[in-house]
Amino acid sequence: MNKLSEFSTLDDLLNATYVQLLKEGKLLESKRGNNLEILNYSAKLLNPRARTSMSLDRKFVRSKFAEFAWYLSKDKSKEYITPYIDAYDLEEQENNKILGAYGPKIFGAEKGKKSQFERIVDQINLRKTTKQAYLSISESEDYKLRDQQFSSPPCTIGLHFYVRKDKLHLTAYMRSNDAYLGLPHDLFCFTMLQELVVCRTNIPLGSYTHIATSMHIYNKHIENAKSYLKEGWQEPLIMPVIKTCDERILNILSK
């Protein structure tokens, strides 16, 4: 069977992804704009703490932290996130709430029930070898017929946490992924979430795997990707270990 492409840092992964899209991507017409697409993309980040970039073009530090803090806030509010990522202003919404917001899906809890995040922590703490620590982002009700240009179900299908060889790994499944704007943010936020589970279970951090049925780059971003590639290879940038992850700290971060 084919082995996943493995990378040490986010920059290594992005560099290879953009090169492949520009060389092998097939033109696809879509309601959000024409793009180059590769199908059944998969890549593994060996060190999930190497989740950000030294590139002047790809850092996105402010918006990445803002999006992860938005997850933690459990809020759907458009006003929270659009000052940092204005593209959310085009997402499907109702009463200034982003319908596909990930925070309530991950950390929100219905009355008398635990959040999906807490359920996953409990499952792994109870039985390390479980294959059931799966966090669902997309739901069947998300997949209705739509004809508006910017309306769509969540791009993420779900996140699967698992422990093997005494390390906690994460695999993200995407139905669709914008390689230029979406991929760096998704990888950052999902590996931060992975490290929160590590913090809560006291299991060492493993690898992160990213799988997308459609990995694509929109025509309007092709020159940006070429400019990034011209910067050349970047020095590794590793974020420090998350040592405290209690609810009080996470609430402070979200504020």
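Buried here means under 20% relative accessible area. Please keep in mind that this is a predicted model.

1. Let me start with the bonded pair. Cys 199 and Cys 245 are joined in a disulfide, with their sulfur atoms 2.3 Å apart; the cut-off used is 2.5 Å. By this rule the count is one disulfide.

2. Where do Cys 199 and Cys 245 lie in the chain? Cys 199 belongs to helix α6 (residues 182–201), while Cys 245 is in the loop between α7 (222–230) and α8 (247–254). The two are 46 residues apart, so the pair links distant parts of the chain. Both Cys 199 and Cys 245 are buried.

3. About the S-S bond of Cys 199 and Cys 245 the torsion is about -95°, which is why the disulfide is left-handed.

4. Now for two other cysteines. Cys 155 takes part in no disulfide, and the nearest cysteine sulfur, that of Cys 189, is 13 Å away. Seen from Cys 189, the closest cysteine sulfur is in Cys 155, and 13 Å is too far for a bond.

5. Is each of these buried or exposed? Cys 189 is buried, because its relative accessible area is 0%. Cys 155 has 29% relative accessibility and therefore counts as partly exposed.

6. Finally, a look at His 221, which sits in the loop between β9 (205–218) and α7. With a relative accessible area of 10%, His 221 is buried. Leaving aside residues up to four places away in sequence, His 221 touches Asp 178, Tyr 180 and Leu 181.

Definitions and conventions
Residues numbered from 1 in each chain as written. Predicted model: local features only at pLDDT ≥ 70, side-chain atom pairs only at ≥ 80, totals over all residues. Heavy atoms only, no water. Helix = DSSP H or I, 4+ residues; strand = E, 2+ residues; numbered from the N terminus. Buried < 20%, exposed > 50% of the residue type's maximum accessible area, 1.4 Å probe, protein only. Contact = heavy atoms within 4.5 Å.
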